[in-house]
Amino acid sequence: MTAEVRRDDWGIPHLRADSAHALAHAQGHNAAVDRAWQIEFERHRSQGTTAAFLGAAAVGWDSFARQSRLDDTARRCFGNLDARTADWVRAYVAGVNAGLAEGARRTPEFASAGLAPGSWRPWTPLAVWLSTHILFAGFPTKLWREEAARALGEGAIDLFATDGPGTAGSNGWLVTGELTASGAPLLAGDPHRFIEAPGVYQQIQLACPEFDVVGLAVPGVPGIAHFGHTSTVAWSITNAMADYQDLYQEKLRRRGGSVEALGPDGWRPASAHLETIEVAGADPVTIEVIETARGPVVVGGPEAPSAVSLRHPPRVSGELGFDALPLLLRARTVDDVDRAFDRWAEPVNVVQAADTEGGLLHRVAGTVPVRDPANGLRTVRAWDARHAWRGLHESLPREAVEGFAVMANQRELAAPLGVEFAPPHRARRIRQLLGGAADWTAPDMAALHMDSQLPAPQPLLDLLAGLDGLTPGAARLRERLLGWDRRMDAGSTDAAAYAALRAAVVRRLAAHPALAALAEPAVADAYPEVLRPWLALAPRVAFALDGLLTTELLPELDRAAVVRAAAEETGETDGSGPSWGALHRLAPWQALPDEQAGEGPGLSGDHDCVLSTSSIPGLTHRTVRGPAARYVWDLARRDNSLWAVPFGASGVPGHPHHRDQLPLWAEGGLVPVVSDWNRLRSPVPTVYEQQVDGFGTVRVVPVDPQQDSALIHRWVGQERARFWGMRDASPDDVLETYTFLDSLDTHHAYLLHLDGTPVALFQTYEPEADPLGECYDVQPGDFGIHLLIGPADGQQRRGFTGELLSVFLAFVLSDPAVRRVVAEPDARNTRAVDRLLRSGFVLGPEVDKPEKRARLTFLLRDGEQGRERTA
């Protein structure tokens with residue numbers, strides 16, 4: 001079983017193996033090495049064991065994970081897999097287990113959390129998938145509807161109907177060949193999710209004799225489920241917004257030592273047992289895990305005022321849809337993709353696909369039960385037979401594609417399967433933009449990804465326009481916003497002024513007596529912590545703002561007065577103020593805080609824009625949800641395709657590719673897809689390797705002038721490399737220089753690779769064969785070095801240069817003939833001189849060379865104490 005890993009210039013892994021099983025093993029191993037902390041954290045989330053290292057704040061999730069039986073459901077689903085799929089998943093898991101120790105050594109979070117890497121079970125990838133998507137369909141919204149109807153009447157269900165917290169904001173579009181410059185289809189889009197660091201999607205290529213696919217994988221899960229391109233066919237998905245999870249009001253009682261639940265046929269035994277959650281820094285917490293004939297109890301229990309159970313397809317059928325994953329990898333046509341998604345279960349998605357033979361696909365895929373319409377709206381009575389499931393929807397909606405097809409979670413294709421959908425704004429805007437041209441190319445799609453136009457009309461602005469008698473500041477704000485272009489651009493102060501007004505309106509509405517019965521903590525405190533975001537009033541008001549400003553349901557609500565007060569609160573005196581990007585900054589979720597990350601970039605966009613970078617108006621302008629990836633699949637030629645993720649290919653803090661895509665992503669840039677194996681970096685001929693705990697694997701690799709000269713040219717041409725003396729060198733000059741060095745026996749050039757990525761250039765020479773030898777008294781065993789750290793974001797990490805220099809010195813001194821190391825930085829380069837002194841070098845004289853005045857520094861072999869790494 002052999003496998004090879006290559007990487008492109010962005011550190012994206014490209015894996016090739018001699019069989020599908022070897023490739024699955026390689027993918028698992030790569031996930032463990034590149035994303036060890038991320039996937040181990042997800043394993044613990046699926047098991048409900050995060051509080052053991054995160055403390056009491058994680059008990060809420062752990063309780064939910066255990067009470068909803070996530071790990072046990074995954075085990076059941078694994079047991080129902082096709083035998084070939086099960087073996088394929090086992091190969092992936094074996095790769096994860098083989099790579100976790102190495103990945104954990106590289107990743108500082110393990111030490112920070114006091115966590116050792118564990119062992120994955122065969123069903124762990126299924127548990128990770130289920131944990132990631134169990135709240136994706138937003139079943140807690142049914143609890144909110146229950147509370148809204150109780151407090152305000154049945155009409156409040158429609159009043160708050162919206163794409164609310166915890167649901168999707170994804171976009172996807174398919175453009176047929178009739179509208180592209182190449183005559184071949186394009187697929188593009190951006191899955192909008194809660195932004196996590198590291199990112200939830202990993203750019204990857206998987207190649208073996210059976211298939212060759214590029215796409216966005218989920219770390220911890222084999223294959224490429226959501227977004228992929230096999231050269232002849234490409235596919236993508238968005239959340240269909242289908243309703244397939246039910247909540248049942250349960251009546252529970254204890255009888256003897258057991259628990260019973262009331263169902264349509266009377267009282268029946270429920271399974272019940274106790275589990276203990278270990279909590280770092282606190283006493284363990286014991287919870288009761290109960291499951292009725294409907295499903296696991298996720299709210300309350302026998303002694304609580306109420307109890308609610310969750311029923312969803314994977315728990316009922318033991319099917320998660322993983323048998324589709326290897327079929328997708330082997331797909332060659334749209335028909336193949338269609339048949340693969342026939343096996344799909346969770347979550348329910350809208351799928352688009354196109355192939356090089358003219359095939360097109362636009363359909364819904366997943367498992368949706370057939371039951372009473374009331375099940376989709378509210379919690380329903382477990383003891384009422386009308387609410388039992390009556391099979392599954394056998395024929396899911398699909399439609400033909402003419403010109404283009406757009407999916408943005410709107411109420412269209414999947415309407416028969418759902419209750420609440422996203423407002424139509426994003427889909428309408430994408431159609432408007434696509435209809436404006438007939439020669440689309442892959443690079444053109446970036447403009448759609450980044451469109452920040454708010455929908456019109458805006459009830460808030462209409463109310464503002466109708467106000468009179470405003471204070472001068474509020475009147476100036478009104479005139480300013482009525483002349484605004486309604487684009488939520490990062491540089492726009494008008495967008496920021498609108499956001500401030502909107503936030504003030506939301507706060508005033510949420511505090512209005514008309515909605516007091518829905519205010520926290522009266523509602524949310526009655527439910528488990530993990531479900532409370534769906535029951536918080538302010539976000540519900542924010543995302544239902546248009547309806548609340550136009551409804552007749554709340555006659556006591558004087559909307560004009562609310563807007564007037566908000567305008568006078570936020571009205572300006574001089575027309576100045578911050579830009580939207582200064583307020584609307586990325587705030588990704590992280591299991592552990594990253595003190596080195598700094599403040600996130602300012603972003604364009606807003607909840608209802610195509611660029612759906614969502615904040616929570618009234619609570620924060622920070623972006624908590626946005627494009628978790630962007631992609632453009634070109635069916636004319638796969639390597640014309642483009643993609644980007646919010647951070648980078650590596651999940652290791654300080655790694656050069658940990659956050660290198662972030663600036664590009666923030667501005668809407670896209671990285672080229674490279675799938676031609678000959679354009680990727682070949683496995684490097686390492687001459688020295690050292691594993692540094694908490695830092696990574698450092699390899700010393702001879703420079704290949706043909707392959708590396710372009711990289712070196714980028715490095716030496718930057719201002720920060722001015723002391724290297726090659727800022728004005730052309731690419732040909734650099735190639736000629738390093739080709740000449742490569743021909744010498746006395747001079748050598750090396751790249752230092754950190755975890756497979758080149759991060760520094762080192763050169764060595766024998767002083768007696770170099771012009772420096774004429775400037776000082778060369779001694780036997782002298783050995784000269786030069787150092788240039790590449791422009792990687794990892795160098796900002798404390799100790800980065802010291803670690804690399806320490807490894808390189810260990811390599812140099814591994815030759816017993818070297819008695820003294822000589823370095824000759826430019827005398828003006830005080831940072832380099834100080835760096836050498838901290839590494840144990842001692843000062844020598846300043847000498848004049850033709851190109852510079854140099855400061856000699858020396859390191860003696862017996863000066864071991866001087867080579868200690870500095871933190």
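## A first stop: R508 and E569

R508 is partly exposed, with a relative accessibility of 35% (buried means under 20% relative accessible area, exposed over 50%, and partly exposed in between, using a 1.4 Å probe and protein chains only). E569 also counts as partly exposed, at 42% relative accessible area. The side chains of R508 and E569 meet in a salt bridge, with N and O 3.2 Å apart. This pair links distant parts of the chain: R508 belongs to helix α18 (residues 493-510) and E569 to helix α21 (residues 559-570), 61 residues apart. A salt bridge here is a side-chain nitrogen of Lys or Arg within 4 Å of a carboxyl oxygen of Asp or Glu.

This is a predicted model, in which local features need pLDDT of at least 70 and side-chain atom pairs count only at pLDDT 80 or more, while totals for chains, interfaces and linings use all residues. Residues are numbered from 1 along each chain as its sequence is written, and side-chain values use heavy atoms, leaving out hydrogens and water.

## The whole chain

Stepping back, you can find 27 helices and 33 strands in the protein chain. The protein chain has a radius of gyration of 30 Å, close to the 29 Å that the globule rule gives for 871 residues, so it is as compact as a globular protein of that length. (The radius is taken over C-alpha atoms, and the rule is 2.2 Å times the number of residues to the power 0.38.) Helices (H or I, at least four residues) and strands (E, at least two) are DSSP runs, numbered from the N terminus. Along its principal axes, the C-alpha trace spans about 95 × 70 × 60 Å.

Of the 871 residues, 61% count as buried. Take the contacts (heavy atoms within 4.5 Å) between residues at least 6 apart in sequence: 68% of them join residues at least 24 apart. The protein chain exposes about 32,600 Å², and carbon and sulfur atoms supply 50% of that area.

R378 is buried, at 18% relative accessibility, whereas E154 is exposed, at 52%.

Another salt bridge pairs E689 with R699, and their closest N and O atoms are 3.0 Å apart. E689 lies in strand β26 (residues 688-692) and R699 in strand β27 (residues 696-702), so this bridge ties together parts that are 10 residues apart in sequence. E689 is partly exposed, at 46% relative accessible area, and R699 is partly exposed as well, at 22%. Elsewhere, a network of salt bridges links R69, D72, R75, R76, E291 and R315.

## A buried serine

For a last stop, look for S131 in helix α8 (residues 124-133). With a relative accessibility of 2%, S131 counts as buried. Leaving aside residues up to four places away in sequence, S131 touches E42, R45, S46, W61 and L70.

Notes:
Accessible areas come from the Shrake-Rupley method with a 1.4 Å probe; for residues, only the protein chains shown count as cover.
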